[in-house]
Amino acid sequence: METFTGDWLALRGAADRAARSKTLAAQFVSVLPSNPRVLDLASGGGANAKYLETEMTWSAPGAAPSWTFVDGDTDLLAQAREMTGPVELRLADLSSGISREWTASVDGVTASAFFDLVSSDWFEAFAHCVRGVPLLFALTIDGRWRWSPAHDRDNDIMAVFARDQKRDKGFGPAMGGGAAMAMIRILNAHGFIVSSRPADWRLGTAHAALLEALIQNIAAAVTPYGTDTLGWLTCRRQQIGQGELRLRLGHLDLFARPALFSDSEVS
Ligand SMILES: C[S@@+](CC[C@H](N)C(=O)[O-])C[C@H]1O[C@@H](n2cnc3c(N)ncnc32)[C@H](O)[C@@H]1O
């Protein structure tokens with residue numbers, strides 16, 4: 001299983017929250033009943049649920065959702081416990097898919113920063129299991145990036161990084177940067193009406209630690225392919241230290257509603 005440290009998830013938390021589409025999150029919340037039961041897949045420490053609880057207005061005071069968090073990492077799952085409403089923690093390896101029973105008793109399914117890890121076959125089977133249920137999938141990478149200032153190694157290094165993002169992480173060949181567009185196509189084919197909004201990371205002087213971790217992650221991912229990153233890394237580190245480096249990294253947020261919701265039900 002691909003692992004993610006709590007430190008990395010904490011580091012990216014502020015950029016994730018700033019990037020997300022409040023409009024789509026509000027549309028998702030608007031189609032839920034009061035006191036909804038929501039399943040959050042690959043929840044990690046529950047960042048997605050915490051965002052929704054703090055940024056959204058729920059139907060009545062104290063009417064926060066009851067959450068079921070599913071993840072394969074025990075330590076991260078334990079961090080997801082601190083929510084306003086009731087919480088169920090489910091330790092599971094999602095690589096073999098989910099069961100239709102998981103979604104039979106929930107009012108909505110959410111996930112964030114997850115689906116680039118899975119294959120299109122996995123997502124097809126998943127879309128079948130969640131049919132009829134409103135979905136909010138935040139922060140799926142879509143393959144766009146722009147470093148500023150540009151470096152003449154950016155194209156080579158980011159191409160190899162994109163290749164590594166498609167490596168099999170236990171779910172079959174990962175969708176990587178193609179995830180968001182593939183998800184829209186597959187969800188449409190399963191009877192969902194899908195709305196999407198850009199949720200790009202816009203990193204700059206306020207995100208030195210995240211940029212530093214990101215360039216290290218990129219270098220670590222591309223080195224096994226024989227890509228030399230030394231000059232690029234040194235230059236990028238200097239630019240971070242001098243507050244000069246900026247990165248726009250493309251993500252899409254998706255809200256998918258089953259076709260049975262009429263437009264007037266979505267505020
Ligand atoms: C990038 S993190 C996102 C976590 C969280 N949704 C967030 O936005 O902070 C991806 C999550 O997928 C989980 N994951 C990866 N492979 C998994 C698998 N095979 N089964 C269950 N969870 C998995 C990781 O443990 C991690 O929590």
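How do the residues of the shell around the ligand divide into nonpolar, polar and charged? There are ten nonpolar, seven polar and four charged residues; Ala, Val, Leu, Ile, Met, Phe, Trp, Tyr, Cys and Pro count as nonpolar, Asp, Glu, Lys and Arg as charged, and the others, Gly among them, as polar. Of the 21 residues around the ligand, those that come nearest are Ala42, Gly44, Ala47, Gly72 and Leu94, where a residue is near if its C-beta atom, placed from the backbone, lies within 6 Å of the molecule.

Please note that this is a predicted model, in which local features need pLDDT of at least 70, side-chain atom pairs count only at pLDDT 80 or more, and totals for chains, interfaces and linings use all residues. Residues are numbered from 1 along each chain as its sequence is written.

I turn to strand S8 (residues 246-258). Helices (H or I, at least four residues) and strands (E, at least two) are DSSP runs, numbered from the N terminus, and two strands pair if DSSP finds at least two bridges between them. S8 runs antiparallel to S5 (residues 135-148), with nine bridges, and tryptophan 145 has leucine 249 as its bridge partner in S8. S6 (residues 192-198) is also antiparallel to S8, through seven bridges; here serine 195 stands opposite phenylalanine 255. S7 (residues 201-203) pairs with S8 in the antiparallel sense over three bridges, and leucine 203 is partnered by leucine 247.

Finally, helix H6 (residues 120-129) has Trp122, Phe123 and Phe126 buried, that is, with 20 or more other C-beta atoms, placed from the backbone, within 10 Å of their own. Seen down the axis of H6, the directions from the axis to the C-beta atoms of its buried residues fall within an arc of 95°, so these residues line one face of the helix.

Definitions and conventions: A residue is buried if 20 or more other C-beta atoms lie within 10 Å of its own, exposed if 12 or fewer, and partly exposed in between; C-beta atoms are placed from the backbone.
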